[in-house]
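Subject: The structure for you to look at

Hi,

Here is the structure I said I would pass on. Have a look at it first, and then read my notes below.

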Amino acid sequence: MGKAMSMNLLRHGFKVTVWNRTLSKFVFLLCTALLSQYLEWNLEICVCDELVKHGASIGETPAAVVQKCKYTIAMLSDPAAALSVVFDKDGVLEQICNGKGYIDMSTVDADSSSKICEAITSRGGRFLEAPVSGSKKPAEDGQLVILAAGDKSLFDEILPAFDVLGKKSFFLGEVGNGAKMKLVVNMTMGSMMNAFSEGLTLAGRSGLNPQTLLDVLDLGAIANPMFKMKGPTMLQNNYSPAFPLKHQQKDMRLALALGDENAISMPVAAAANEAFKKARSMGLGDLDFSAVFETLKADGHSS
Ligand SMILES: NC(=O)C1=CN([C@@H]2O[C@H](COP(=O)(O)OP(=O)(O)OC[C@H]3O[C@@H](n4cnc5c(N)ncnc54)[C@H](OP(=O)(O)O)[C@@H]3O)[C@@H](O)[C@H]2O)C=CC1
Ligand SMILES: O=CC(=O)O
């Protein structure tokens with residue numbers, strides 16, 4: 001996601017400095033690779049190297065990026081990564097100060113976002129959480145839906161960048177609201193994906209053509225872009241990752257924790273989370289979240 005979003009900003013004339021944890025790993029590995037000739041290490045340069053070809057500069061650490069830039073955008077896997085990039089050595093806090101803005105677009109829980117906000121603002125910086133809805137393709141096409149909350153003045157200043165990254169930016173008020181909105185959306189999406197997988201499996205096992213099911217669904221009241229896009233690839237057992245399953249399971253887990261805090265019973269989401277956990281235990285975590293379909297195949301045929 002970070003790569004697609006950076007590429008988009010570059011295409012639209014923004015000056016971009018990038019940092020990725022793997023790049024620092026690569027710098028170290030390259031020296032060793034000269035001796036050991038492990039070719040796969042050369043692949044590791046891709047994430048940032050391609051961006052550099054399109055005009056990006058490289059920051060050696062998160063702190064170096066913040067030092068150089070007025071606005072820093074983070075797009076990281078989960079709460080642990082988001083916290084680490086801010087609080088750890090060479091992290092954002094070492095350079096954030098008055099006049100600088102930090103925008104975290106990762107999907108995290110409201111508590112982690114609030115912790116980051118407090119740390120940034122206590123050093124004089126401004127903070128916005130801005131998780132996004134939409135996957136790799138919408139990120140490449142600048143069609144994300146941005147769910148921002150926090151510092152309104154920072155939101156207004158960063159809007160030209162959001163307008164490039166997304167098709168619509170919502171400002172949802174105080175920090176935490178963007179994180180919560182994103183988790184509610186992905187909890188719904190994850191539950192839908194499981195119902196869809198069960199429908200495809202039931203159709204196939206009961207003697208119907210699953211392709212015909214896709215056509216029927218697409219003409220009715222529950223037609224939606226996700227079924228339309230994922231259905232055909234799922235029927236081909238193609239789970240090339242757009243939204244990694246491990247991240248969908250993380251979002252289910254965080255949404256269930258939000259339900260817990262608010263005493264909301266969510267049996268459907270809880271069952272969906274179990275299915276995603278099962279998929280992870282089957283080694284499918286790095287595939288697209290639609291690979292949860294495979295958990296039903298693993299159950300075997302009934303007579
Ligand atoms: N893919 C999608 O369709 C969408 C994803 N999202 C959300 O966006 C975020 C990013 O998703 P996506 O790009 O798909 O995920 P990826 O797994 O492709 O990328 C995760 C990034 O986080 C970095 N990272 C992980 N742990 C750490 C750490 N401890 N310290 C520093 N960096 C770390 C990784 O670095 P490294 O390369 O070194 O591993 C990588 O750059 C997630 O929160 C996800 O839920 C939101 C909408 C859509
Ligand atoms: O978070 C994933 C998405 O597709 O949105």
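How many residues of domain 1 are in contact with residues of domain 2? The count is 12 residues of domain 1 touching 12 residues of domain 2, where contact means that two C-beta atoms, placed from the backbone, lie within 7 Å. On the domain 1 side, those residues split into 4 nonpolar, 4 polar and 4 charged. Here Ala, Val, Leu, Ile, Met, Phe, Trp, Tyr, Cys and Pro count as nonpolar, Asp, Glu, Lys and Arg as charged, and the others, Gly among them, as polar.

Before going on, some housekeeping. This is a predicted model: local features need pLDDT of at least 70, side-chain atom pairs count only at pLDDT 80 or more, and totals for chains, interfaces and linings use all residues. Residues are numbered from 1 along each chain as its sequence is written, while chains are lettered from A and ligands numbered from 1 in the order in which they are written.

Back to the domains. Domain 1 is 2-174 and domain 2 is 180-297, with bounds that come from an automatic or database domain assignment. Their C-alpha centres lie 28 Å apart. UniProt, in an unreviewed entry, also places the feature "domain: 3-hydroxyisobutyrate dehydrogenase-like NAD-binding" at residues 176-294. UniProt positions are in the numbering used here, feature names are shortened, and annotations may be inferred rather than shown by experiment. That span is 71% helix and 0% strand; helices (H or I, at least four residues) and strands (E, at least two) are DSSP runs, numbered from the N terminus.

Now the ligands. Ligand 1 is surrounded by 21 residues, and the closest are Met 1, Arg 21, Ala 81, Ser 135 and Phe 243. A residue gets onto such a list if its C-beta atom, placed from the backbone, lies within 6 Å of the molecule. Domain 1 and domain 2 each give at least three residues to this shell. Helix α6 has the largest share, 3 residues, and α2 (21-36) supplies at least two. By type, the shell has 9 nonpolar, 9 polar and 3 charged residues.

Around ligand 2 you will find Thr 107, Ser 133, Gly 134, Ser 135, Asn 186 and Phe 243. That makes 1 nonpolar, 5 polar and no charged.

Next, look at Lys 182 in helix α10, which the unreviewed UniProt entry annotates as "active site". Lys 182 counts as buried because it has 28 C-beta neighbours inside 10 Å; the cut-off for buried is 20 or more other C-beta atoms within 10 Å of its own, against 12 or fewer for exposed and partly exposed in between, with C-beta atoms placed from the backbone. Leaving aside neighbours within four places in sequence, Lys 182 is in contact with Thr 107, Pro 131, Ser 133 and Leu 147.

Last stop: helix α13, residues 245-261. Its 17 residues reach 24 Å from first C-alpha to last, close to the 24 Å expected at 1.5 Å a residue, the expected span being 1.5 Å times one less than the number of residues. Among its buried residues are Leu 245, His 247 and Met 252, and their cover includes α10 (177-205) and α14 (267-281). Why is Met 252 called buried? Because 27 C-beta neighbours sit inside 10 Å of Met 252. Not counting residues up to four places away in sequence, Met 252 touches Met 187, Gly 190, Ala 269, Ala 272, Asn 273 and Phe 276.

Cheers
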